[in-house]
Amino acid sequence: MIDCILRSQERCLTGASGNHRNSAHAQDFFSEQRVYDYIKAYFDQIVRPRSRIVLKSTFCLEDTSTPLLLSLFLMGAACDENEEVKSQVVEYAELAEYAVFENSAFRRMTYQREEVHWSLFTKEEIEIIQAAILMALLEIASPKPEARRRTRIQWYPALVSAARASGLTRVRNEWHQNSDIDHVQFLKNETCIRMMSSIAMMDCHFIMFFNNPPNFTATELAFDLPAEEEGVDIPDGPTWKTWKQNEAKRQRPPPLNQFVQKLLSNDWHGYDDGNFGNLSIFSLYVVISGEGHDHQTPPFPKTRKLTH
């Protein structure tokens, strides 16, 4: 596992920043103990209900792909209070961008000619999208302006292309209605929903803070809202099935575009509306981002007629 990380680093040791780190330094920074410590820090310190795109109930360190492992490691390392470690995270993150966004699987998804249904996602494809999201989130907060700009104008648009070509904008998880969905399929669908939710929220971030035009239209965001954290954390099928049966009695919110449309219409009945009964913190953030897309002003204002 460590060798895979080092090989990825060695391919990028002379990246755009011109930084050079030898193998001994990389071996020390990506030590086995740090891998365990920083990935644990990711789940214990970084992860919040609004950003859980890698599910602890399905994560296995031994068979995780290098790009995702690298992204998780750097996100966790950013929690270290040691200033030297933080500076190393900045340097390695800049190099790791290329290990993720120029990965052959990611490039294939970005440039594929025909749209592929999200249900056909392989484990490799899910993990490279997860890695790309985490790297984008990490570099958005980079102290280096060039890293933030590169993420905004180069990496994030590529992520949008991969998401759109993979049909993530329409990902559904009708576990509360479809009795054929088992625990494994539920977690896979939920992972895809959370990936798309994070991508949509990043789009809203760029709209609000950088005055970027939206990459998605409000009607295009037709994916389901995330399920409750309790169900996502269940590691075994029988316990999840019991939870599913209990949750099936409660009303589930519609897909994001329909939810926002109802929220902004005259048909909304306030906070007593059943659609608000099962909203988690993560779902609330997603709804806010969807509303931001709906209110976005067109990038080119309409021409006003001249009066004589």
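Modeller: Let us start with R194 and E190, which both lie in helix α9, 4 residues apart, about one turn of the helix. Helices here are DSSP runs (H or I, at least four residues), numbered from the N terminus. The model is a predicted one, in which local features need pLDDT of at least 70 and side-chain atom pairs count only at pLDDT 80 or more, while totals for chains, interfaces and linings use all residues. Residues are numbered from 1 along each chain as its sequence is written, and side-chain values use heavy atoms, with hydrogens and water left out.

Biologist: How far apart are the closest N and O atoms of R194 and E190?

Modeller: A salt bridge is a side-chain nitrogen of Lys or Arg within 4 Å of a carboxyl oxygen of Asp or Glu. R194 and E190 form such a salt bridge, and their closest N and O atoms are separated by 2.6 Å.

Biologist: Is R194 buried or exposed?

Modeller: Buried means under 20% relative accessible area, exposed over 50%, and partly exposed in between (1.4 Å probe, protein chains only). E190 has 0% relative accessibility and therefore counts as buried. R194 also has a relative accessible area of 0%, so R194 is buried.

Biologist: Which residues do salt bridges that share partners join into one network?

Modeller: By the 4 Å rule, the count comes to 12 salt bridges. Salt bridges that share partners make one network, and its members are E94, E97, K144 and R150.

Biologist: How many residues apart in sequence are the parts that R172 and D224 tie together?

Modeller: The side chains of R172 and D224 meet in a salt bridge, with 2.8 Å from N to O. R172 is partly exposed, at a relative accessible area of 30%, whereas D224 is buried, at 8%. Because R172 lies in the loop between α8 and α9 (183–210) and D224 in the loop between α9 and α10 (229–232), the pair ties together parts whose separation in sequence is 52 residues.

Biologist: Are the rings of F29 and Y92 stacked or edge-to-face?

Modeller: Rings of Phe, Tyr and Trp (its six-membered ring) pair if their centres lie within 6.5 Å, and planes under 30 degrees apart count as stacked, over 60 as edge-to-face and the rest as tilted. By this rule the count comes to 15 aromatic pairs. The rings of F29 and Y92 have centres 4.9 Å apart and planes at 15 degrees, so this pair is stacked.

Biologist: What arc do the buried residues of helix α6 cover around the axis?

Modeller: In helix α6 (residues 104–111), the buried residues are A105, F106, M109 and T110. The arc is that of the directions from the helix axis to the C-beta atoms. These four residues are on the same side of α6, because they cover an arc of only 135 degrees.

Biologist: Which residues are exposed on the other side of α6?

Modeller: The buried residues of α6 are covered by elements including α5, α7 (123–140) and α8 (145–165), where contact means heavy atoms within 4.5 Å. On the other side of α6, the exposed residues are S104 and Y111.

Technical notes: Helices (H or I, at least four residues) and strands (E, at least two) are DSSP runs, numbered from the N terminus.
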